[in-house]
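I am opening my notebook to look around a new structure.

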Amino acid sequence: MNYRRNLLITGGAGFIGSHVVRLFVNKYPEYRIINLDKLTYAGNLENLRDVESKPNYIFLKEDICDLVRMLDVFTKYKVDGVIHLAAESHVDRSITDPFTFAKTNVMGTLSLLQASKESWANDFDGKLFYHVSTDEVYGTLEFDDSLFTEEKKYDPHSPYSASKAASDHFVRAYHDTYGLPTVISNCSNNYGPYQFPEKLIPLFINNICNNKPLPVYGKGENIRDWLYVEDHARAIDLIFHKGQTGDTYNIGGFNEWKNIDLIKVIIRTVDRLLGRETGTSEKLITYVTDRAGHDLRYAIDATKLKNELGWEPTLQFEEGIENTVSWYLNNQEWLDSVTNGVYQKYYEEMYETR
Ligand code: NAD
Ligand code: DAU
């Protein structure tokens, strides 16, 4: 079959990537969607069971850092568009293992940029390299500062955000130096189904279910701006198709929460859905040593995306949290498998025997 586009989505077995892959596979049967993922601890093909047998979907277990393999993939699959999500994404891991973050997030992005440039060989017509980035590159805000706009100077603090900032700079350098058609988006904190339970919301839901302590960093006063993951995927779809080449778009929920207030909402929701008396699990809150270099506040101004492309978050936070908690409670098997590492072993064995 001749597909209208051959779209490479990296990191499609991860949290946000799996929602983007699902959206594109279902919405664009005329596109071939090539999901390329190394299946690190964060990648899980269970996240894509519902689309894996679709004719326009292919999965490749590859490492974005391997330039030779990336060049082969571009040639073999006639890749004409990239949505790049593959990354090491957890701030706490970046504090203990910064080199892995530099390798994957910086060198991996560079290798994909180079593969795009070489494969498209200056015939950039109809091509696009879309880099998915984070609001953390902008640094931190005080309580009364105005929101991050696209003009905010980069000021990353963690090894994770430094590696994402570096990768954003490389994307712009390939655009400005070689004319590679690129676009970047910087999004706030995502939540929803299929998020690995090391991140705040799924970790806390899982711990509440199992009556385990809820480790609140510092005083729980840090603020994050939360967006339902499917709204992020919709924004990516819109920017991929209608965004201005060479441009940057902020994506956010206009939905700021102090950690401790958010945690109490989660506790109340889980308690209610488990039939426990409301607030029972508040006793699990345990204040622990703060994260090193912990950014106080992130908050995105997504006005440009609204004004230029008409995007807005669709889901109210109360509904998003209800959906999310219900999903984790109804998918205990998924949670158990990713917390006991069974899925990782399964895929290692499967790929060894091929
Ligand atoms: P995730 O950790 O859930 O998934 C990352 C995926 O990348 C995994 O499937 C993993 O196997 C894959 N991967 C890692 N190293 C790879 C490599 N070398 N080669 C190929 N694949 C590799 O991450 P996420 O939360 O879904 O984030 C996806 C992207 O969105 C990241 O670039 C992240 O920086 C960005 N982002 C995340 C958030 C958020 O709240 N989670 C917010 C804004 C931006
Ligand atoms: O802002 C976008 C970023 O959001 C993404 O780029 C990252 O990939 C994503 O991981 C996320 O980063 P955060 O560090 O904000 O997310 P995390 O879920 O790790 O933490 C959210 C807040 O909760 C943060 O202030 C730290 C705090 N926290 C987190 C954990 C895991 C706790 O208090 N206790 C915890 O156990």
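**Ground rules.** I call a residue buried under 20% relative accessible area, exposed over 50%, and partly exposed in between, using a 1.4 Å probe and the protein chains only. This is a predicted model, where local features need pLDDT of at least 70 and side-chain atom pairs count only at pLDDT 80 or more, while totals for chains, interfaces and linings use all residues. Residues are numbered from 1 along each chain as its sequence is written, chains are lettered from A and ligands numbered from 1 in the order in which they are written, and side-chain values use heavy atoms, with hydrogens and water left out.

**Entry 1: Arg172.** I started with Arg172, which is partly exposed because its relative accessible area is 26%. I found Arg172 in helix α5; helices here are DSSP runs of H or I with at least four residues, strands are runs of E with at least two, and both are numbered from the N terminus. Next I listed contacts, meaning heavy atoms within 4.5 Å. Setting aside residues up to four places away in sequence, Arg172 touches Tyr154, Ile184 and Thr248. Arg172 and Thr248 are 76 residues apart in sequence, yet their C-alpha atoms are 9.7 Å apart in space.

**Entry 2: the cores.** I looked up the nonpolar cores, which are sets of buried Ala, Val, Leu, Ile, Met, Phe, Trp, Tyr and Cys residues joined through side-chain atoms within 4.5 Å. In soluble globular proteins, nonpolar side chains tend to be buried together. Which residues touch the most other members of the largest core? They are Ile9, Phe24, Ile83, Tyr130 and Ile251, out of 48 residues. Helix α7 (residues 229-242) gives this core its largest share, seven residues. I also noted a second, separate core of 32 residues, with Tyr41, Trp226, Ile260 and Trp327 among them.

I then zoomed in on Phe24. Not counting residues up to four places away in sequence, Phe24 touches Leu7, Ile9, Tyr31, Ile33, Ile83, Asp237, Phe240 and His241.

**Entry 3: ligand 1.** For the shell around a ligand, I took residues with a heavy atom within 4 Å of it. Ligand 1 has 28 residues around it, and Ile16, Asp37, Ser89, Tyr160 and Lys164 come nearest. I sorted the shell into twelve nonpolar, eleven polar and five charged residues. In that sorting, Ala, Val, Leu, Ile, Met, Phe, Trp, Tyr, Cys and Pro count as nonpolar, Asp, Glu, Lys and Arg as charged, and the others, Gly among them, as polar. α1 (15-27), β5 (128-134), α5 (159-178) and β7 (189-191) each supply at least two residues of the shell, and β5 gives the largest share, three residues.

I checked some N and O distances next. A backbone N or O atom of Lys38 lies 3.0 Å from a nitrogen atom of ligand 1. A backbone N or O atom of Asn190 is 2.9 Å from an oxygen atom of ligand 1. Taken alone, ligand 1 exposes 830 Å², and the protein buries 96% of that; these areas come from the Shrake-Rupley method with a 1.4 Å probe, and for residues only the protein chains shown count as cover.

**Entry 4: ligand 2.** How many residues surround ligand 2? I found 24, and the closest are Thr134, Asp135, Tyr160, Pro215 and Arg291. The shell has ten nonpolar, eight polar and six charged residues. α6 (200-209) and β8 (214-217) each supply at least two residues of the shell. A polar side-chain atom of Thr134 lies 2.7 Å from an oxygen atom of ligand 2, while a polar backbone atom of Pro215 is 2.7 Å from a nitrogen atom of ligand 2. A polar side-chain atom of Asn259 is 2.9 Å from an oxygen atom of ligand 2. Alone, ligand 2 exposes 690 Å², of which the protein buries 94%.

**Entry 5: some loops.** Is Ser281 buried or exposed? Ser281 is buried, because its relative accessible area is 2%. Ser281 lies in the loop between α8 (259-273) and β12 (285-288). Ala121 lies in the loop between α4 (98-120) and β5, and Ala121 is exposed at 53% relative accessible area. Ala121 has a positive phi of about 35 degrees although it is not a glycine.

Key. Polar contact = N/O pair within 3.5 Å; in protein donor to acceptor, adjacent residues only side chain to side chain.
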